[in-house]
Amino acid sequence: MAIEMVKISHISKAFDDFVVLDDVSLSVNHGENLVVFGKSGTGKSVLLKCMVKLLVPDAGEVFIEGKNVHTISNAELTELRKNIGFLFQSAALYDSMSVSENLAFPLIRNFFFTKQEVEAKVKRALEMVSLEHAVDKMPSELSGGMRKRIGLARSIITEPKLMLYDEPTTGLDPITTKEISRLIRDLQNELKMTSIIITHDLACAQIISDRAVVLEKGKLKYEGSLKELTASSDPFLHDFFTSDIIED
Amino acid sequence: MGVGQLFEFCFRFLKNVFLPPYEFHEIKKHMDELGVKTLPIVSVTGFIIGVVLAMQSEPILARFGAESVLPAMVSLSVVRELGPVITALIFAGRVSSGIGAELGSMRVTEQIDAMEVSAIDPFRYLVVTRVVACSFILPVLTLYVVFLAIFGGYLAMILSQGMSLQLYVVSVVEAIRFGDIIPGIGKTFFFGFIVGIVGAFKGYNADKGTEGVGKASTTSVVLSSLLILVTDTVLVKITLWIWP
């Protein structure tokens, strides 16, 4: 029987009168890669932020490894977050720190590694994203694709059990999109992580996903394998997926 | 963002500042940066305050035949009020806006969220360290400004009266008492706190977008300057009660 890593139960969230999430429930098993599709503004990023308590939902619960994220103590939440990686849409690199400092930061702050161990982990993480040469660069010197890769390296350097990706390929050209998507898939295979990927990029989902769900106007409307969803005759899904299918 | 939220932010700071781990390395780094960043402008200002104060006061005192008290007047004005307040206002303009813009930019680009989700407390790392650094570096800068202003006053008096350095120093040292220095410099600790906490509050709670960053930067200067003047009024009253 599959073990549940994440369970979202009847989550709702509104900003003033604008309902962003409306009674959304879903679960993700250990080792599974779930892709969340949806048009812009349908609450995908809000869902992800509610999962790590960057936002507090108006109703509903989020369980990660059986712990209710919104009711556990701050100390427990901190411990839980040590096992979660989050790749932001903008990569969110600390712009006052070099690439190596960005990568070393969570290791130094949260774990008791020696200087040599931290250096070795930084080197290995940069090798995984093929950016060993960028070790001393500042974030302002990096291209969009490089920033995403460094953001990814920083997220996986602590070897989290759960990875959350907020539109990992947005704003990238098709070739870099495929490179990043394959990199995410390879890292997941290597590190055996559970992943939730927010995207509206079908090319990315084709490479990464085990299962997909689609949000429409804050509600979780469709669920299934990517093949099932793209083959659906539902008018919304048909419009959503036929607009930019890329054969891999 | 209202007064209640600012008080809540101050309370959160007080709750965190005494708890370990202490970020000495970060505090030292910010003190270096803030001190160096502000040094050129406060140096020029401090010197000019002394020169102008002496030049303006001399003819007025001469009307009453009291030119001899000019060194005492310049030094006491600078130590008790002008040095601390003007340094604090310049510091607010330079540093509070900088902190507001820096943290605002970090908020807008999700760097603060990234820190939080990495199990690192951004409040302790970004806010507490900056506020502590501001509180401790401003008294140091003020002492430096006071020294420069007194020196500026001396240069003005050489040009006008040809006063000797020895006479000037003796006049200044005789005029300044312990009860002038402690409240004068001591209150800049509170001014530094205001500059740091207001800048951090505005930046940490910045609205999304570049407009939010600009607003955080501007309102930081306005609010911290206003609070410095209000706090000064209260502290002057209190210090005059302790050291009449």
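Two residues are taken to be in contact if their C-beta atoms, placed from the backbone, lie within 7 Å. The structure is a predicted model, in which local features need pLDDT of at least 70 and side-chain atom pairs count only at pLDDT 80 or more, while totals for chains, interfaces and linings use all residues. Residues are numbered from 1 along each chain as its sequence is written, and chains are lettered from A and ligands numbered from 1 in the order in which they are written.

The predictor assigns the complex an ipTM of 0.88 and a pTM of 0.87. Among the elements of chain B, the mean pLDDT is highest for helix α4 (residues 111-117), at 95, and lowest for helix α6 (residues 165-175), at 90.

Chain A contains 9 helices and 10 strands, these being DSSP runs numbered from the N terminus (helices H or I, at least four residues; strands E, at least two). The radius of gyration of chain A, 18 Å, is close to the 18 Å that the globule rule gives for 248 residues, so chain A is as compact as a globular protein of that length. This radius is taken over C-alpha atoms, and the rule is 2.2 Å times the number of residues to the power 0.38. The C-alpha trace of chain A spans about 55 × 45 × 40 Å along its principal axes.

Of the 248 residues in chain A, 42% are buried (20 or more other C-beta atoms within 10 Å of the residue's own, with C-beta atoms placed from the backbone). In α3(A), the buried residues include A:V99, A:L103 and A:F105. The buried residues of α3(A) pack against α4 (115-128) and α5 (144-156) of chain A.

An automatic or database domain assignment divides chain A into domain 1 (1-83 + 161-248) and domain 2 (93-159). The C-alpha centres of these two domains of chain A lie 25 Å apart. Contacts between them involve 10 residues of domain 1 and 12 residues of domain 2. On the domain 1 side, helix α6 (residues 174-191) of chain A gives the most, with 5 residues.

Between the chains, the contact takes 14 residues from chain A and 10 residues from chain B. On the chain A side, α2 (74-81), β6 (84-87) and α3 (99-110) each supply at least two residues, and the largest share, 3 residues, comes from α3(A).

How values were computed
Buried ≥ 20, exposed ≤ 12 C-beta atoms within 10 Å, placed from the backbone. pLDDT = per-residue confidence, 0-100.
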